[in-house]
Amino acid sequence: MLSKDEIVKSVPQTGFVGQPKGLFTLFFTEFWERFSYYGMRAILIFFMYYELHEGGLGLDRGTANSIMAMYGSLVYMSGIIGGWIADRLLGTRRTIFYGGILIMIGHVLLALPGGVTMLFTSMAFIVIGTGLLKSNVSSLVGDIYADADNRRDAGFSIFYMGINMGAFIAPFIVGTIGQTYSFHLGFGLAAVGMLIGLIVFKLTEKKYLGLAGLQVNNPLKPEERKKIFTRFGITAVILIIATVVGILTGTLTMNVFSLIITILGVLIPTIFFIYMYRSEKTTKDEKSRLLAYIPLFLSAVMFWAIQEQGATILATYADERTNLSVGGFELKSSWFQSLNPLFVITLAPLFAMMWLKLGDKQPSTPRKFSYSLFFAGLSFLVMMIPAHLSGGEALVSPLWLVLSFFLVVIGELLLSPVGLSATTKLAPQAFAAQTMSLWFLTSAAAQAINAQLVKVYEMVSEFTYFGFIGTLSIVMGIIILVISPIISKAMRGIN
């Protein structure tokens with residue numbers, strides 16, 4: 001097996017804004033993948049609850065929000081499969097490519113008329129495809145840097161900016177076409193975006209990525225293959241039969257399914273932590289780092305529980321509770337999904353420069369996480385103001401949403417690129433790609449919890465909803481800040 005040094009040396013180490021050339025390939029691959037995903041997501045919620053004569057499916061708003069949360073959770077849960085396949089079967093590069101193909105197929109299916117059945121079929125393709133691609137692209141970014149390379153955090157911030165450039169453009173293009181002309185045409189544009197991403201990846205991978213992502217870190221032994229594939233096959237058959245029976249008998253309702261997803265969102269990462277910690281392949285230092293990772297994981301779950309509601313609760317808030325007429329100009333509710341990436345694009349370079357300038361004097365990873373929770377909490381607390389002023393009924397200024405998205409983005413830049421970087425450094429060697437999947441399970445767990453929270457939104461006042469969740473985030477941030485020295489010590493020299 002190739003050493004980390006051999007892999008890094010095979011990658012051209014300069015040439016892309018002072019970073020390894022491989023970052024160019026991964027930057028633009030993820031740019032177009034995020035264009036397709038966020039373009040689709042910008043109109044998916046409206047497609048589900050708009051009436052049939054408006055080109056939608058006519059679902060109940062609460063049901064649509066719950067489906068969106070479950071869909072987002074499953075997208076990130078599937079990263080477990082992607083990480084396992086990369087670590088034990090294909091390596092990250094081939095796994096990324098196959099994932100992109102499945103995503104494109106899913107978007108093509110959404111572009112075709114077919115009602116709810118076609119919706120769920122396309123979601124299945126996108127869920128599996130994103131699981132294969134998403135976590136492995138980020139893991140590959142970590143592979144092109146040496147462990148002690150001080151460009152690492154800055155590189156992840158630049159990579160994160162590429163993600164958000166695709167996400168920024170998508171709602172304006174896909175959202176405008178989808179809400180003005182046809183939702184299906186908008187979904188078709190998302191498929192084109194993924195195709196471009198696949199082309200960029202294949203044309204540049206050999207030249208810029210060197211040996212990164214080619215090897216299988218923990219390959220299956222011949223005697224293991226038959227046993228594992230048999231178990232997978234039996235499990236798949238049981239799940240399919242149980243699903244069909246549940247649907248036919250009426251026991252598998254949307255509420256029951258959302259509860260299952262919520263339980264899995266909590267249970268899967270728990271099992272994951274226990275499995276890696278108890279593995280003989282995890283060293284003593286790596287066990288300590290895994291324990292240090294737990295409070296970081298929980299912090300990220302709290303943060304994403306707020307941030308991901310930008311595509312559900314705040315999306316419907318933009319569509320139904322916000323005055324979209326500004327100076328005689330009509331805004332599209334899908335455009336608000338560009339606020340998050342817009343602020344990331346604007347602020348990410350400043351954060352990257354700040355971390356480089358501070359060097360060893362910058363806050364520790366746990367402190368950055370605690371600060372991110374403060375800003376996430378504030379982003380919801382400010383929404384209490386329009387809720388109070390409007391009485392929960394009158395249309396409010398779009399500037400309240402702008403402020404909320406701005407605050408949560410500050411928190412995001414303190415947590416997301418830093419968390420990606422910390423995960424690649426804290427990961428046990430034998431579970432490199434799978435640990436990156438664990439990072440994305442923070443979002444899976446958050447959205448699994450959101451599948452229940454969005455139901456609460458329909459039952460309580462806006463003032464109560466935003467106030468409680470915002471306060472909870474700030475309290476958790478204070479706890480993480482207090483115990484940050486303990487977490488840093490357990491990280492065993494990783495900053």
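Two residues are in contact when heavy atoms of theirs lie within 4.5 Å. The legends below use this meaning for a predicted model.

**View 1. Thr282 and its contacts.**
Thr282 sits in the loop between α10 (254-278) and α11 (284-307). Setting aside residues up to four places away in sequence, Thr282 touches Met276, Lys287, Leu290, Pro428 and Phe431. One of these contacts, Met276, has its backbone oxygen 2.6 Å from a polar atom of the Thr282 side chain. Is Thr282 buried or exposed? Thr282 counts as buried because its relative accessibility is 5%, and buried means under 20%.

**View 2. The largest pocket.**
The largest pocket has a volume of about 2,500 Å³. Its lining takes in 44 residues. Nearest the centre of the pocket lie Leu74, Ile81, Thr235, Leu239 and Leu264. Two or more lining residues come from each of α3 (61-77), α4 (79-90), α6 (115-143), α9 (222-249) and α10. Which helix gives the most to this lining? That helix is α9, with 13 residues. By class, the lining of the largest pocket holds 34 nonpolar, six polar and four charged residues.

**View 3. The salt bridge between Glu308 and Arg41.**
Side chains of opposite charge can pair when their charged atoms come close. The whole structure has seven salt bridges. In one of them, the side chains of Glu308 and Arg41 meet at 2.9 Å, N to O. Glu308 belongs to the loop between α11 and α12 (313-320), and Arg41 to helix α2 (residues 22-49), so the pair ties together parts that are 267 residues apart in sequence. Glu308 counts as buried, at 5% relative accessibility. Arg41 is buried too, with a relative accessible area of 10%.

**View 4. The salt bridge between Arg61 and Glu458.**
Arg61 pairs with Glu458 in a salt bridge, and their closest N and O atoms are 3.0 Å apart. How many residues apart in sequence are the parts that this pair ties together? They are 397 residues apart, because Arg61 lies in helix α3 and Glu458 in the loop between α17 (432-457) and α18 (462-490). Arg61 is partly exposed, with a relative accessible area of 24%. Glu458 is partly exposed as well, at 38%. A network of salt bridges links Arg61, Glu320 and Glu458.

**View 5. The salt bridge between Arg93 and Glu205.**
Here the side chains of Arg93 and Glu205 meet in a salt bridge, 3.0 Å from N to O. Arg93 is in helix α5 (residues 92-110) and Glu205 is in helix α8 (residues 183-209), so the pair ties together parts that are 112 residues apart in sequence. Arg93 counts as buried, at 5% relative accessibility. Glu205 is buried, with a relative accessible area of 8%.

Glu412 lies in helix α16 (residues 399-426). Glu412 is buried, with a relative accessible area of 3%. Neighbours within four places in sequence aside, Glu412 is in contact with Tyr160, Phe303, Trp304, Gln307, Asn340, Val344 and Pro417.
The structure has six cavities of 30 Å³ or more. The largest cavity holds about 350 Å³ of space. Its lining has 28 residues, and Tyr38, Tyr160, Trp304, Gln307 and Glu412 are the closest to its centre. The elements that give two or more residues to this lining are α2, α6, α7 (152-180), α11, α13 (339-358), α16 and α17. With five residues, α7 gives the most to the lining of the largest cavity. That lining divides into 13 nonpolar, nine polar and six charged residues.

**View 6. The second largest cavity.**
The second largest cavity has a volume of about 60 Å³. Its lining residues include Tyr37, Met68, Ala69, Tyr71 and Gly72. Which helix gives the most to the lining of the second largest cavity? α3 does, with four residues. By class, this lining has five nonpolar, four polar and two charged residues.

Key:
Residues numbered from 1 in each chain as written. Predicted model: local features only at pLDDT ≥ 70, side-chain atom pairs only at ≥ 80, totals over all residues. Heavy atoms only, no water. Buried < 20%, exposed > 50% of the residue type's maximum accessible area, 1.4 Å probe, protein only. Polar contact = N/O pair within 3.5 Å; in protein donor to acceptor, adjacent residues only side chain to side chain. 1 Å grid on protein atoms, 1.4 Å probe; cavity = no way out; pocket = protein on both sides within 12 Å on 5 of 7 lines; lining within 4 Å. Points joined across faces, edges and corners; volume = space filled by probe spheres on them. Nonpolar A, V, L, I, M, F, W, Y, C, P; charged D, E, K, R; others polar. Salt bridge = Lys/Arg side-chain N within 4 Å of Asp/Glu carboxyl O.
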